[in-house]
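Open your viewer and keep the selection panel handy. We will go from stop to stop, and at each one you will hear what to select.

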2 protein chains.
Amino acid sequence: MSDLTTTTAREVPARRARGADLAPAPQDYLKAIHRITDGGAAARAGTKAIAAELKVSPPSVSAMLDRLAAEGMVDYVHYGGATLTAEGRRTALRVIRRHRLLELYLSRFLGLGWDEVHEEAEELEHVLSARLEGAIDRALGHPSVDPHGDPIPAVDGTIAATDHHALWGLEAGARAEVRRVSDLDAELLRHLRQMGIVPGARVSRVSRETGGVLRLTVGRRSVALGRDAAEKVFVEVLP
Amino acid sequence: MSDLTTTTAREVPARRARGADLAPAPQDYLKAIHRITDGGAAARAGTKAIAAELKVSPPSVSAMLDRLAAEGMVDYVHYGGATLTAEGRRTALRVIRRHRLLELYLSRFLGLGWDEVHEEAEELEHVLSARLEGAIDRALGHPSVDPHGDPIPAVDGTIAATDHHALWGLEAGARAEVRRVSDLDAELLRHLRQMGIVPGARVSRVSRETGGVLRLTVGRRSVALGRDAAEKVFVEVLP
DNA sequence: GCTCGATGTTAGGCTTATCTAACTTTTCAG
DNA sequence: CTGAAAAGTTAGATAAGCCTAACATCGAGC
């Protein structure tokens, strides 16, 4: 991996020289671009979208994109958005790998709730050494998905393709198994857990109302889910 | 705990708003002062000593001491060194607590060697949330010493007083039990482990040579230890 | 095909944390 | 008790990341 800090002759602060080769901020931008472009599949990531994702101002994004482009991590066309280069994608996936390993570790071995682990992992991912990443991976038995059902990238940057559908779009009467839930909203995660909507749960659609409410059964329970929530739950349709 | 970032009207970056209320750098200065003043027992911490401890330049120390003094974390007399205030000590001990809990956790549950955990903990201590600190403390069963024998401060800032003597100063023929080993030098730690010099080991002095070599027995083994090493091992003398 | 709102960039500034160079204070050795 | 070396501080600069205000570009509707 290249070292994004070599532009200066100054000594690289120890804090950022171990885990990945980047300071936390650039790592976060790469993650954001990865998410917005859906891992390279979708369109280019616009300045505004990145700014919204990271809760920074658009000018901050412009500046960082210039920098990341100079470092070869993104392809950036002024006024035309950014995509990750191969190296940018590799770096992003490494950070995502650490994030998801941490989420699973904290959840399984330290008893944190699935609504809590994202926030913790968001900090820890930037200071996790390769050594500790390896130890955690080993302790978990080289897992392939995190507590929310997101796939964990391998060390070499390969990641399982997911072909899941939003629960909201489930066809009338269809049955499905929950595969993945967005990890971004802790409140939503608590709510979903209460209703039994976790990876592995079996659901079937009862009805979808125009007001934006999806009625379904989870196991034997009958629950109602708002559209916002139902768009953040992903399922695999069962025959 | 006070918030050292309130001097600016800007939003506090999320990265430093969770664990302790300080950015990593000020935390490190407080730790350094704590170490140099031996927890408040010894003299004042001089600029040069702090600079050496943190591997930064003396002017950087001057600047940070001014800031920490303004925040009420240290008593600082220009040209006269610094000591921790009650609040500064509390903050330092909180960081030290996290450091030592992490060292023990990484050593016990993730299989890292006692020569590796210091380096890891040095990074992680600054991003550990109170929640995770608590979870780790619980997982370890509220331990009182870290893998090197250093006492772990309690949440309320109390810390067990240690009354140990440097192994180098052990009297002729005396027997002692190893209590603590400096955690700063990974190479030394590997060396000591090889010789069986770990907390709990029984040693007795055979001879001390003018060349700076201490000969002693560890269990049944006969070993020679350089002065530099023997001054970084602390023992409790047995009757 | 022009215009105006949305999107994006440039300009200029701020804080933190660091540095080197130059200057000041303290201390200690003779 | 004095003067030089050691220790410490001030001055001025730099880099990363962020911001707001002002300017530029794009594209969609008419």
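**Start at the axis**

Select Leu124(B): of the residues of chain B, its C-alpha comes closest to the rotation axis, at 3.5 Å. Chain B is superposed on chain A by a rotation of 180° with 0.0 Å of shift along that axis, and the RMSD is 0.0 Å (least squares on the C-alpha atoms of residues with pLDDT of at least 70 in both copies). That is the relation of a two-fold axis.

Before moving on, note that this is a predicted model, in which local features need pLDDT of at least 70 and side-chain atom pairs count only at pLDDT 80 or more, while totals for chains, interfaces and linings use all residues. Residues are numbered from 1 along each chain as its sequence is written, and chains are lettered from A and ligands numbered from 1 in the order in which they are written.

**Where the chains meet**

Now select the contact between the chains: 17 residues come from chain B and 17 residues from chain A (two residues are in contact if their C-beta atoms, placed from the backbone, lie within 7 Å). On the chain B side, helix H5 (117-124) and helix H6 (130-139) each supply at least two residues (helices are DSSP runs of H or I, at least four residues, and strands are runs of E, at least two, numbered from the N terminus). H6(B) gives the most, with five residues. Because 100% of the interface residues of chain B are also interface residues in chain A, the copies meet through the same surface.

**Chain A as a whole**

Select chain A, which has eight helices and eight strands. Color by pLDDT, the predictor's confidence in each residue from 0 to 100: chain A averages 88, and 91% of the residues score at least 70. Finish at residues 1-12 of chain A, where pLDDT stays under 50. Where pLDDT is low, the predicted coordinates should not be read in detail.
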